Amino acid sequence: MKPSHQGLHEPEQPESVEILRVVPVRHPGRWIVTALILVGCAMLVHSLVVNPRFQWPVVRQYFVSHSILLGLLRTLELTVIAMSVGIVLGVALAMMRVSPNPIMARASWCYVWFFRGTPLLIQLIGWNFISAIYPRISFGIPFGPSFVGGSANHVITTFVAAILGLGLNEGAYMAEIVRAGLISVDRGQLDAALALGLTRRKAMIGVVLPQALRVIIPPTGNETIGMLKLSSLVSVIALPELLYSAQVIYSRTFQTIPLLIVAGLWYIIVSTILSAGQFYIERHFGRGVAPMAGRPGIGKGMLAGIKQLALPHRKTTA
Amino acid sequence: MTPDTPMVSIQNVHKRFGLLHVLRGVTIHVDQGAVVCLIGPSGSGKSTLLRCINHLEKIDAGQLYVDGELVGYERRGDRLHELKEREVARRRSEVGMVFQHFNLFPHMTVLENVTFAPTRVRGEKEGPVRERATDLLERTGLAAKADSYPGQLSGGQQQRVAIVRALAMRPKLMLFDEPTSALDPELVGDVLDVMRGLAADGMTMVVVTHELGFAREVADRIAFMDGGLIVETGHPSALLSNPREDRTKVFLSRIL
């Protein structure tokens, strides 16, 4: 220890000072709440086990059945592709929105206005029945010759309609999320990048966007998990994803509840895996920023909480 | 370019932000190798003038040359044509700028901050840039911090990194926008030392500052700004000790 200046003296440590133990405050309320929650959980588990109407054997029979797994695969496929479309579109739209080019900014605004302002269900059904409006889709010069084209029914299959519906809609929401991220980055960062001689585009991509990711990623994880479940909407256009596969089975066997449980279990399993992935991605993009201390989660945080509750002395003596 | 061409030549420059007339006809020249300090009350237009010099702000009227080239425009006949972004960026890359709040890139390490622009803007090879960066960091006493993130450094260290980041582009002119205003008093000295060294090496510098001691010691000329105009310029000791204008006297009496 450094000797202190300015007339301040280190207090001399007399030999006889007693070592006093710190006794933390007791929290009897926490014990009561914990007991109540445990009782509630026990009641719930009991009813799940005892009530025969859940038909657990049926759940088990269909849980890994061929058509359910195929449906699950379709759901994952839809989620991944629609989110990819949404993220790419969202980044592009957000960049357009904050660009100094007024045409781009307004075009981006209109896109978001339309796709966020109409129900996804209408958009999905609309894409599915696109051939009713445009029987033939072709690319070419307006009022002139067309280069490639085909019947709308061939080009826009049910799957393509689902991807268009989910992806284009997601693009509108992602655009707002990315824009929020971009404007959260201090203006000085863009100044510094421009002053170093970067063009605006390079500065946005190399400096602003990476920092915006820290703000963009948590809601994007949220959107991804939302998309996983939102994709069940495409059951209305009879695309055999997870929910539709379950519906097909129960409309035949009338085992509605157990099949909904099968689908629900798969949704919750996948969303749990996605949440874990989100944790690691967030940690990666938090580089250079102090990590949030003691994130409460169901994992370590909760265990630590229970330990602390059960053994209040542990922390002070350790 | 003849050696007599001033590095910065500002002639009757005006700048408005909406209704606010921030620069009302500023004229000043900065010779090659000179250090000019801009002082004045807040809101007098010092920072705006500095930002105009590398076209972070567009001027509304007047002429502004850096090293004999018009900033942000090209003269064809009697018209000024706005330059393409790429050309503006190229000219900016030859002017270093240091900000009050450092503006280091927080997601990059110190070394990455320094090597970013030379590799991305000039397309220089990673190896030599890294060597140059390490050398610059060593000279400013930051070699040990090369792999740290800006958030792990003190304000003084961050500002020195910001100076090194600008120097890595080998600028012909350095602009400083209140480089020590956001620092704790005991950290100011280190940053000023680095700037002294730069001035001694012959770098042309325009410094907006409230550090009158530094201005007196290092500046070749001090310009006092108030209300969007340069009220007076002069040799540091003359201007600080015997200001001619009343407004300068009032300002100096307030902060000395």
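Helices (H or I, at least four residues) and strands (E, at least two) are DSSP runs, numbered from the N terminus. This is a predicted model, in which local features need pLDDT of at least 70 and side-chain atom pairs count only at pLDDT 80 or more, while totals for chains, interfaces and linings use all residues. Residues are numbered from 1 along each chain as its sequence is written, chains are lettered from A and ligands numbered from 1 in the order in which they are written, and side-chain values use heavy atoms, with hydrogens and water left out.

Start with helix 12 of chain A, residues 256–285. With four residues, helix 12 gives the most to a nonpolar patch. The patch is on the surface and consists of Trp56(A), Leu265(A), Ile268(A), Ile269(A) and Ile273(A). Together they have about 440 Å² of accessible area. Ile269(A) sits in helix 12. Its relative accessible area is 33%, so Ile269(A) is partly exposed (buried means under 20%, exposed over 50%, partly exposed in between, with a 1.4 Å probe and protein chains only).

Strand 1 (136–140) and strand 2 (146–151) of chain A pair in the antiparallel sense over five bridges; pairing requires at least two bridges found by DSSP. Arg136(A) faces Ser151(A) in strand 2 of chain A. Five residues lie between the two strands. In the turn, Phe143(A) has a positive phi of about 65°.

Now turn to chain B. Here four strands make an open sheet, in the order 2-1-4-5, with antiparallel pairing. Strand 2 (20–30) and strand 5 (69–70) of chain B each have a single partner strand, so one side of each lacks a neighbour in the sheet. Strand 4 (61–66) of chain B pairs with strand 5 of chain B over two bridges. Tyr65(B) stands opposite Leu70(B) there.

The whole structure holds four cavities of 30 Å³ or more. About 120 Å³ lies in the largest cavity. Thirteen residues line the largest cavity, and Ile53(B), Val66(B), Val71(B), Arg91(B) and Arg92(B) are the closest to its centre. Helix 2 (85–92) of chain B gives the most to this lining, with three residues. A cavity is a set of points, on a 1 Å grid over the protein atoms alone, where a 1.4 Å probe fits but cannot get out; lining residues have an atom within 4 Å of a point.

Two loop residues of chain B remain. Asn103(B) lies between strand 8 (95–98) and helix 3 (110–120). Its phi is near 55°, positive although the residue is other than glycine. At 7% relative accessibility, Asn103(B) is buried. Glu178(B) lies between strand 9 (173–177) and helix 6 (185–200). Phi of Glu178(B) is near 45°, and at 11% relative accessibility Glu178(B) is buried.

Technical notes
Patch = residues over 30% accessible without salt bridge, like charges linked within 9 Å, V, L, I, M, F, W, Y side chains within 5 Å. Areas by Shrake-Rupley, 256 points an atom, 1.4 Å probe, with all protein chains shown as cover. Salt bridge = Lys/Arg side-chain N within 4 Å of Asp/Glu carboxyl O. 1 Å grid on protein atoms, 1.4 Å probe; cavity = no way out; pocket = protein on both sides within 12 Å on 5 of 7 lines; lining within 4 Å. Points joined across faces, edges and corners; volume = space filled by probe spheres on them.
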